[in-house]
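This briefing looks at how the parts of one model meet, first inside a chain and then between chains. Please read it beside the sequence and the coordinates.

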Amino acid sequence: MGDRFELREVGVDGDDGPIVSGFSARIPADGLTAVVGPSGSGKTTLLRLLNRLDDPDAGQILLDGRDVRDYDVLELRRRVQHVGQVPVTFPGTVADNVGEGWEQLLPRVHLGPGLAEREADRLSVGEAQRMCLARALSRRPDCLLLDEPTSALDAASKGEVERLVRSLADDGLTVVMVTHELRQATEMADRIIEVRPPIRPGPQAPR
Amino acid sequence: MSDLSGQITFGHVALALCLVVVAVVVSKAQKADLETDIVVATVRSFVQLLAVGFVLEFVLSDHGAFTPAVIAVMVATATVTSANRARRVPRARWICAAALAVATTGTLGLLLVLRIIPAVPRAVIPLGSMIIANAMNTTSLVMTRLRDDLAGHRGEVEARLSLGQTATEAAAPWHRSALRTGMLPVIDNTKVVGLVALPGAMTGMLLAGASPADAIRLQLVVMYMLLAGNAFAALVAGHLTVGRLFTADHQLIRSLRRTLT
């Protein structure tokens, strides 16, 4: 399989100087790619560029060989789902949040059918994060962008979400995961992209 | 002397300054440090109302053709005021101008087309000014509330965008609550009208010698008119503000996104 994403000399300016500058990387379509780096290295910003929550000030980003700006942005975001660090629940039940296909999706993220009718804001953080993954999957994406998906979780639910994310990558989804934990990255990822402030591409280590 | 029409002279106004002195003394005694503000406010009110009085004398005495100009100046002043309050919204001045223009022409238009009020300066100018003053508050309230809510709930807004919602869909919950914030005060006032305080238009009619029955009929028209004016203003301001807080590509504008790394 080819590259899902290619970042070419990408730069993003912040209020006080560049957040990302001259960053290039390739993200293959298969498996799990971890983006690691200390806080302040621009990892989150990079991830936001991939589903166009933000646009770079310099450089270019390709999705399947085509500039991300050439896609209809709503279709791009459907294909490239982004799940943030803190789970965001919408008003209504878990089933309302996940939408169509929740019957199949809840088991996939290891949430029991008994939770379907629970108000989403009454879930534990770990359950809510898994519900957010199910909601992202309900859009039938090709790619998942995960921004520190376990940093708000306790140890038990962290392990569960890690296994879940790994299994999604094994099922053929392109998974791009931002993390500040090198341990998590080396254990879970097929490859690692290291970023540093000011941002430069680091060596790509095999899993 | 059954009414106050023609009874208040500048002598009476000068005597009423003793009421200002009361405020100054209270401020001084309590060290509230408001004496300068009180004096400035007193002088400004005197000069502004004197000027408005001259303009109204002129327009009402056979120069009705200037009525649209008077209304336009009021809309322009209100635009500057509300845009200043909502200055953190990009292009606030244009949004305010549009909201106030629609509120004023829409509401006055309905009143005139339905022949609820006669097309004379004596009716159009005071009622227009009430519409504009109320719409001015609603406009800046809706704009600042919407902007602050979207900035404060950025995570939720972007989670919605990430799921493929349009900017309009993603902003909808906060758009709705901003409209409510803008419209609730006038709705509440309409509910309690007469129970808490006698409203301005009715008070004016009574002081000028009208019968209470006449006064309440005018007041009812005024309340309904303000409901419509605020609804127009909230609608236009909310819609245009959402448009300015997102890019054409359904992204929150940068000033609403705290830079994260």
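For chain B, the domain assignment, whose bounds come from an automatic or database source, gives domain 1 (1–59) and domain 2 (65–257). The model is a predicted one, in which local features need pLDDT of at least 70 and side-chain atom pairs count only at pLDDT 80 or more, while totals for chains, interfaces and linings use all residues. Residues are numbered from 1 along each chain as its sequence is written, chains are lettered from A in the order in which they are written, and side-chain values use heavy atoms, with hydrogens and water left out.

**Between the two domains of chain B**

- The centres of domain 1 of chain B and domain 2 of chain B, taken over C-alpha atoms, are 29 Å apart, and their contact (heavy atoms within 4.5 Å) takes seven residues from domain 1 and eight residues from domain 2.
- These two domains bury about 550 Å² between them, 80% of it on carbon and sulfur atoms, where buried area is the accessible area (1.4 Å probe) that two parts lose on being put together, summed over both.

**Between chain A and chain B**

- The contact between the chains draws on 29 residues of chain A and 20 residues of chain B, and the area buried there is about 2,000 Å², with carbon and sulfur atoms giving 49%.
- The rule finds four salt bridges across this interface, and R254(B) and D54(A) meet through their side chains in a salt bridge at 3.1 Å, N to O.
- On the side of chain A that touches chain B, at least two residues each come from β1 (3–14), α1 (43–50), α2 (73–79), β6 (80–83) and α5 (125–137) of chain A, these being DSSP runs numbered from the N terminus (helices H or I, at least four residues; strands E, at least two).
- The largest share of that side, four residues, is supplied by α1(A).

**Helix α1 of chain A**

- Because eight of the eight residues of α1(A) are buried, this helix is largely enclosed by the rest of the structure; buried means under 20% relative accessible area (1.4 Å probe, protein chains only).
- Among the buried residues of α1(A) are K43(A), R48(A) and L50(A).
- Just after α1(A), R52(A) adopts a positive phi of about 60°.

Definitions and conventions
Buried means under 20% relative accessible area, exposed over 50%, partly exposed in between (1.4 Å probe, protein chains only).
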